[in-house]
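At each stop you will get something to select and something to look for.

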Number of protein chains: 2
Amino acid sequence: MFPELKEKGERARQAARRLAALDTATKNNALKAIAEAIMEQEPEILSANDHDIDAAQEAGLSETLLDRLLLTIHRLDGIAKDVLTVAALPDPVGETFDARTLPNGLRIGKRRVPVGVLGVIYESRPNVTVDIAALCLKSGNAVILRGGKEAVHTNRALATAMAEACKKSGVPQAAIQLIQSQDRALVKDMLTANQYIDMIIPRGGAGLHKFALQHATIPVITGGIGICHIYVDESADPEKVIPIVHNAKVQRPTVCNALDTLLIHRDIAEDLLPKIADDLARAGVELRCEPRALSVLMGHAAARSAGPKDFDTEFLSLVLAIKVVDSLDEALDHIYQHGTQHSDAIISENYSHAMRFVNEVDSAVVYVNASTRFTDGSQFGLGAEVAVSTQRLHARGPMGLKELTTYKWVIFGEGQVRD
Amino acid sequence: MFPELKEKGERARQAARRLAALDTATKNNALKAIAEAIMEQEPEILSANDHDIDAAQEAGLSETLLDRLLLTIHRLDGIAKDVLTVAALPDPVGETFDARTLPNGLRIGKRRVPVGVLGVIYESRPNVTVDIAALCLKSGNAVILRGGKEAVHTNRALATAMAEACKKSGVPQAAIQLIQSQDRALVKDMLTANQYIDMIIPRGGAGLHKFALQHATIPVITGGIGICHIYVDESADPEKVIPIVHNAKVQRPTVCNALDTLLIHRDIAEDLLPKIADDLARAGVELRCEPRALSVLMGHAAARSAGPKDFDTEFLSLVLAIKVVDSLDEALDHIYQHGTQHSDAIISENYSHAMRFVNEVDSAVVYVNASTRFTDGSQFGLGAEVAVSTQRLHARGPMGLKELTTYKWVIFGEGQVRD
């Protein structure tokens, strides 16, 4: 194991023991101190970011990646405000649930406790460094952050500011630690450091998630990848269809909860599909249509024939696959076969169809008459999120503070023994 | 991938889709049919078990293992009754929780749904075959069982009876499937069959758990291994100490929730430790003492000097490690350093000490004034358990029906789109 990981792992483990016992006020004060430190050290942080941006430009990074990496005063203010939002959220630690008294008089219940130490592996967006650190601190977890090499100076400046704020506030400095080494082999070590890390969150593309699953012996929360569907039922309210489809596809096409596939019932396709297509075409969306949809949109400038992979692709861009279906059953089968269990929606005014969709589509988030773009920790009222999970255990969908906790059984007796 | 696994995996996946939508009555009727089938096919099952027992005797299996493998009419009745107990438990599927209405009018909540397909890898106890199948069916999960080679005929007879009962009751036959091959390489394939299996539960020794963690890309629930502690505080009620320690160590020493280490405060060790030792010695317990405990028990027939590994050993036998400590803090530190986060108890009449123990010991189950032997699904009122988890995510401690579920977010809108 890399000495840096071993040293930080040991410190994180010790910090986690203290963090689990911290009262809410101390944690909130530390979060406020972090927000202040970020504002006070704005010049240092922005200059470190300049350094990263210069290097990234020299390395020829794309405009999109440069934009992800870039910090401005405005963005930094936003990051600091997000920390204050986390401070204002209720503390999940300590809640008792499933509590009852057994016939033998034992008082038994589950108490919510932090997971312990999180290992987070991410790419170039420096706001992730602060967002995740704030959520971990509030939920009583220590975190070991391993950011991308493009953001190395920015992350260092942010982590220094946060660790100092922790120290001043009576929170272990090792609550938030940043791995300095950019050696890929250290990431592999992280994934098997079971003695130090309790949960791995990879935040990045499909390659990173697959790598983590392949190599980890620590539980991994995968997610962030979604082929999202909207099914327009024959009973759909036309007034709702265009705004929802537009929002889901156009408002921010580069993210995991954006729409990828539109399924539409044959009985309203003739009437509605051309209107949807006109609206999307105005926003620059390219439409990849299976034969029946194509025949409805014959001659439409934005319509093309769908290729064999178009219904199994997360586009992350202004492209939409479209299919006409004969029935709700066909839509359900399509989503079962092609979906990634992220976010899927039905637009329908038929009660039974809406209920069947909700009951039978087994995705992390299932919607009736709403845009898939809502799948997000802030939108769900969780304050923020560490990830959107598409695996099935522990947590599904947006993961906020509660999803960074686990529980222990606490049992109060008066001398009971087992028969 | 082994063709048998591929075929059963595909069938399980299809069955899981149907199982998730089954109503409670259908599932309960199938469970009752399973109990009846086990009773009706008693002759076939017992004769298959004879076959396994003969082979195991020829292979020279130990008496303990033979006893684990053995079915009798009495045991088979017990197994069938346990299935009826599961039928009588509330159905966890469909519960809505964390529900609220967002400011934009979206009605949002989590709905409890089955995990999907479970892969269970276990050893020679045939009752596991039925226990786990019943819990999986009730919670709407399909299960692929891979039992030990010693029980191959017994398991086949039990699985046949269960699959027939499912078929008769309108439940997919593939809800419960048994892997026939005894090739170890198939187990490795199971651990990476992500397309078919959502959760792996290994039930067996430390070697099996380690093997599963090393090779799995599917989430693994590890558990069943516990170095359990009781700390006898200086304020302990002497009347409670001997019954609890006796029960925890003696009542069934071969299981994971049995006591391994006794920590006792120096101020009452002189008085109480000889009495505890006398009681345990009468039950045949060997006492492995660190120097101070040994000096208190000087000359006691059952007392020996503890070896270097005795405080890091799960004894699974009538052996107990004993240490005298100066304070609650020393006890907490000892448990932190040597514990396996399974089940740990304090015996104390001091409120603050009891609370500190409960707050600071981070084990799956923490007890005040009760025996560690209660860590068990039936004892906790869960009806039964698929495993006692000592990992931290998804579930800790005894795992019953609820712990075999996950959730999806369900969101009802009236056309909302994201700003």
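Start by selecting Ala133(B), which sits in helix α6 of chain B, residues 126-138. Helices here are DSSP runs of H or I with at least four residues, strands are runs of E with at least two, and both are numbered from the N terminus. Before going on, note that this is a predicted model, in which local features need pLDDT of at least 70, side-chain atom pairs count only at pLDDT 80 or more, and totals for chains, interfaces and linings use all residues. Residues are numbered from 1 along each chain as its sequence is written, while chains are lettered from A and ligands numbered from 1 in the order in which they are written.

Is Ala133(B) buried or exposed? Ala133(B) is buried, because 28 other C-beta atoms lie within 10 Å (buried takes 20 or more such atoms, exposed 12 or fewer, and partly exposed is in between, with C-beta atoms placed from the backbone).

Leaving out residues up to four places away in sequence, Ala133(B) touches Val143(B), Leu145(B), Met162(B) and Ile176(B) (contact means C-beta atoms, placed from the backbone, within 7 Å).

Next, show the strands of chain B. Four of them form an open sheet in the order β5-β4-β3-β6, with parallel pairing (two strands pair if DSSP finds at least two bridges between them). At the edges stand β5 (176-178) and β6 (199-203) of chain B, each with a single partner strand, so one side of each has no neighbour in the sheet. On average, neighbouring strands of this sheet are turned by 20° against each other, direction ignored.

Zoom in on β3(B), residues 117-122: five bridges join this strand to β6(B), and the two run parallel. One pair to pick out is Leu118(B) with its bridge partner Met199(B) in β6(B).

Which strands does helix α1 of chain B touch? Select residues 3-19 to see α1(B) packing on the sheet, where it touches β3, β4 (142-146) and β5 of chain B, its direction making about 145° with that of β4(B). (Axes are lines fitted to C-alpha atoms, for helices over the stretch in contact, and angles run from 0 to 180 degrees between N-to-C directions.)

For the last stop, select residues 184-191 of chain B: this is helix α8(B), lying across β3, β4 and β6 of chain B at about 145° to β3(B).

How values were computed. Contact = placed C-beta atoms within 7 Å.
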